[in-house]
Amino acid sequence: IPPPDIAEQAMALSRLLVPFGSFFVLDGVARHPHLSLYRVPFYESVLPTVMPLIDRLARSIEPFLLIQDTYYPDQGVWVGVRYVANKALFDLHTGVIDALKPHRVIEDDARYADRWAEMTTEQRRNIEECGWAHAYTRYSPHMSFTKLQKPRADVLAHLPQRELSFIADHIGLYELGQHGAPDILIADFWLKKKN
């Protein structure tokens, strides 16, 4: 979860993209700025088991710097900012997956069915192992500002450059909303406090 000043900048950039036909606007209420660590479904009944696992993991990791990389258009419709996949972030990503994957809903992964044939062997293996094609070495840390209704090649030319690096000091468990943006914060977990 980005700190308030970074979240506000992400929301401002999201608002700037409205004239280009966006599906959603980050507002911090119904759509939250975030970097996904792991994206899979859980039954509500496992939350009392999952939340202490996340809390324990979070408290074992010291806050670390997330370094902004570049803005991106992904497939011409997703617009956001990439972050450097440093060791601290990758360790948190894999730690969350390893702790939570035994509790995920094992589904037929219908969300990937129409793209299964064009996926790499590694993506398929990730889906089978943890339920998310973009896990492990396929992980690309990013914060999406919005998803456009139609591809727009020149969209980045309309965004001012902002400094969006920040110290990561807590993570959240969210209910996922439409178009991949989390809409309900279930719980947040603070990383290890320095002595």
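Student: Where is leucine 65 found?
Tutor: Leucine 65 is in strand S1, residues 64–66. Helices (H or I, at least four residues) and strands (E, at least two) are DSSP runs, numbered from the N terminus. This is a predicted model, where local features need pLDDT of at least 70 and side-chain atom pairs 80 or more, while totals for chains, interfaces and linings use all residues. Residues are numbered from 1 along each chain as its sequence is written, and side-chain values use heavy atoms, without hydrogens and water.

Student: Which salt bridge does arginine 31 make?
Tutor: Arginine 31 pairs with aspartate 183 at 3.8 Å, N to O. A salt bridge is a side-chain nitrogen of Lys or Arg within 4 Å of a carboxyl oxygen of Asp or Glu.

Student: What does that pair tie together?
Tutor: Parts that are 152 residues apart in sequence, because arginine 31 lies in the loop between helix H1 (4–16) and helix H2 (47–59) and aspartate 183 in strand S7 (residues 182–190).

Student: Is arginine 31 buried or exposed?
Tutor: Buried, because its relative accessibility is 17%. Buried means under 20% relative accessible area, exposed over 50%, and partly exposed in between (1.4 Å probe, protein chains only). Aspartate 183 is partly exposed at 22%.

Student: How many salt bridges are there by this rule?
Tutor: The count is 8. One of them joins glutamate 129 and lysine 101 at 2.9 Å, N to O.

Student: Which residues are linked in a network of salt bridges?
Tutor: Asp98, Lys101 and Glu129.
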